[in-house]
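Work through the exercises below with the sequence and the structure at hand. Try each task before reading its solution.

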Amino acid sequence: MKTMQIYAFDMNCVGHINHGMWTHPRDTSSSYTDLDYWVDFARTAERGKLDGIFLADIVGVYDVYKGSPDASIRTAAQIPVNDPIIPLSAMAYATQHLGFGVTVNTTYEPPFLLARRMSTLDHLTKGRIGWNIVTGYLDSAARSMGLERQPAHDARYDAAEEYLEVLYKLWEGSWDDDAVLRDRQGGIFADPSKVRAVRHEGKYYRMDGIHLSEPSPQRTPLLFQAGASARGQDFAARHAECVFIASPSPAGARSTVEALRQRAVDFGRGADALRVLNLITVVVGRTEREAEDKLADYRQHASVEASLAHYSSSIGVDLSKYGMDEPIEQRSTNANQSALAVVSGKAGGKALTPRQIIDQMVLGSRQKPIVGSPQQIADHLQMWIEEGEIDGFNLARTVAPESLRDFVDLVVPVLQERGLFKADYAQGPLRQKMFQRGDGRLPDSHPAATFRHR
Ligand SMILES: Cc1cc2nc3c(=O)[nH]c(=O)nc-3n(C[C@H](O)[C@H](O)[C@H](O)COP(=O)(O)O)c2cc1C
């Protein structure tokens with residue numbers, strides 16, 4: 001039986017995915033501006049031997065619903081949202097093994113600056129950094145950056161391909177491994193013949209410069225990605241090492257996983273080059289009854305308004321314009337195409353109505369939570385791993401920090417007893433831990449390896 005990987009999914013904001021939970025009397029997510037909140041979160045995750053923390057991010061506001069950001073602002077639907085990178089070094093300092101996947105958007109920032117930020121984090125965390133590559137789906141973000149609207153869906157991915165090429169050149173090729181000598185007697189810190197400028201002239205980016213950081217433990221951070229459209233999957237299969245999906249069923253997950261692995265094989269990377277984690281929400285009690293009571297309690301705090309605001313911006317369709325029982329038949333927007341395909345029936349099944357979407361929003365999110373005793377939750381996760389052929393989970397929060405503590409204290413020991421989850425951390429950088437092989441650097445079969453200096 002293979003062991004599963006588990007990440008705690010969060011965001012540097014109050015309302016993340018299960019909207020409205022911040023109004024619960026025991027929820028502390030409105031302390032997200034306090035570093036202690038993040039350090040406590042990281043320590044809890046490491047106490048539970050979780051593989052890492054995965055931080056989402058957006059650089060715009062949800063303003064499609066009713067053509068206004070008011071609903072999002074009122075309900076804290078991912079606004080206010082702080083920078084996800086800043087708390088990481090404190091969390092890393094308070095932990096030893098925990099990995100960190102952090103989301104940074106490629107559309108609005110030159111690759112040169114991102115390259116240095118990631119290298120800095122990889123140094124400071126001793127190789128525990130992963131990057132979730134996103135291209136964005138919000139026109140509000142584009143307007144904030146001085147554009148009229150965001151680039152077209154596939155063009156965003158085209159630009160991101162080139163963005164990665166520039167980064168690979170910087171991370172993998174600018175400095176040789178033996179460039180840094182730290183030779184005090186000779187007075188030579190680094191050998192200039194082993195450091196070179198990256199010169200790039202492409203369709204979207206131009207640059208001529210030396211990477212500012214010396215080689216870090218992983219060089220290229222572990223690469224996460226979550227695109228699910230055909231173009232998104234193509235991008236993921238080419239570049240990602242870990243793909244984050246949000247499948248509602250093991251069968252759906254399985255076909256996504258099979259398609260991704262086949263694409264990775266087509267790109268010469270091998271079926272084992274990818275790990276896939278599914279988004280999951282868990283409500284656990286010491287008994288089934290306690291879990292059901294907890295769900296009923298949490299449910300009173302779920303915000304339908306926040307959820308509709310989030311959903312409308314995700315799919316680029318103003319859900320307030322539809323009657324409660326009117327099917328959402330708009331099949332194309334410039335936002336998240338895979339999420340829209342599910343709602344509009346393009347992915348199979350019938351188009352959903354706003355009422356059906358709201359019914360799905362048990363805890364203010366579009367995902368039904370798994371509810372039960374620790375044994376029932378473990379059974380469920382095991383079934384997902386076996387039938388969905390996934391490698392693990394990204395665990396969304398409900399009432400924070402209670403939901404993570406409950407998972408760590410109640411579910412993790414059962415998974416460990418069954419041999420489904422590690423009893424302790426492996427050594428080495430995050431990439432080495434994830435694949436249980438190598439030294440933390442990208443394998444030669446990854447496209448980045450072609451930019452190494454020979
Ligand atoms: C579970 C999950 C989490 C995501 N997290 C983020 C995020 O934090 N920031 C972001 O800009 N996009 C995020 N996305 C959006 C994806 O990066 C991508 O833009 C989206 O899935 C649309 O891709 P597609 O059009 O290829 O389907 C997430 C997507 C999924 C499925």
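Helices (H or I, at least four residues) and strands (E, at least two) are DSSP runs, numbered from the N terminus. With these terms, Asp 57 lies in the loop between S2 and H2. The model is a predicted one.

**Exercise 1. Two annotated positions**

Task: Find which residues UniProt lists under "binding site", then decide whether Asp 57 and Ser 229 are buried, partly exposed or exposed.

Solution. 
Step 1. The unreviewed UniProt entry places the feature "binding site" at Asp 57, Thr 103, His 153, Tyr 157 and Ser 229.
Step 2. The cut-offs are needed here: a residue is buried if 20 or more other C-beta atoms lie within 10 Å of its own, exposed if 12 or fewer, and partly exposed in between.
Step 3. Asp 57 has 20 other C-beta atoms within 10 Å, so Asp 57 is buried.
Step 4. Ser 229 has 17 C-beta neighbours inside 10 Å and therefore counts as partly exposed. Ser 229 is in the loop between S9 and H7.
Step 5. Neighbours within four places in sequence are left aside for the contacts. Asp 57 then touches Met 11, Pro 84, Thr 103 and Val 104. One of these, Thr 103, is also in the UniProt list. Ser 229 is in contact with Gln 337 and Ser 338, again leaving aside neighbours within four places in sequence.

**Exercise 2. A covered strand**

Task: Which strands pair with S13, and in which sense, parallel or antiparallel?

Solution. 
Step 1. Strand S13 covers residues 392–396, and five of its five residues are buried.
Step 2. Strand S1 (residues 5–11) pairs with S13 in the parallel sense, over five bridges. In this pair, Gln 5 is bridged to Gly 392.
Step 3. Strand S11 (residues 275–284) also runs parallel to S13 and is joined to it by five bridges. Here Leu 279 has Asn 394 as its bridge partner.

**Exercise 3. The largest nonpolar core**

Solution. 
Step 1. The core has 125 residues, of which Tyr 7, Ala 8, Ile 53, Val 243, Leu 395, Phe 407 and Val 411 touch the most other members.
Step 2. Helix H6 (residues 153–173) gives the most to this core, with nine residues.
Step 3. Take Ile 53 as an example. Not counting residues up to four places away in sequence, Ile 53 touches Tyr 7, Ala 8, Asp 10, Ala 42, Ala 45, Met 91, Leu 98 and Phe 100.

**Exercise 4. Backbone exceptions**

Solution. 
Step 1. Most residues other than glycine have a negative phi, and most peptide bonds are trans.
Step 2. The bond between Ile 79 and Pro 80 is cis, with omega about 0°. Pro 80 sits in the loop between helix H2 (70–75) and helix H3 (88–93).
Step 3. The bond from Ala 400 to Pro 401 is cis too, with omega near 0°. Pro 401 belongs to the loop between S13 and helix H14 (402–417).
Step 4. Lys 66, not a glycine, has a positive phi of about 55°. Lys 66 is in the loop between strand S2 (52–56) and H2.
Step 5. Phi of Arg 219 is positive as well, near 60°. Arg 219 is in the loop between strand S8 (206–209) and S9.
Step 6. Lys 66 is partly exposed, with 16 C-beta neighbours inside 10 Å, whereas Arg 219 is buried, with 27 other C-beta atoms within 10 Å.

Notes:
Residues numbered from 1 in each chain as written. Predicted model: local features only at pLDDT ≥ 70, side-chain atom pairs only at ≥ 80, totals over all residues. Core = buried A, V, L, I, M, F, W, Y, C linked by C-beta atoms within 7 Å. Contact = placed C-beta atoms within 7 Å. Pairing = 2+ DSSP bridges. UniProt positions renumbered as here; feature names shortened; annotations may be inferred.
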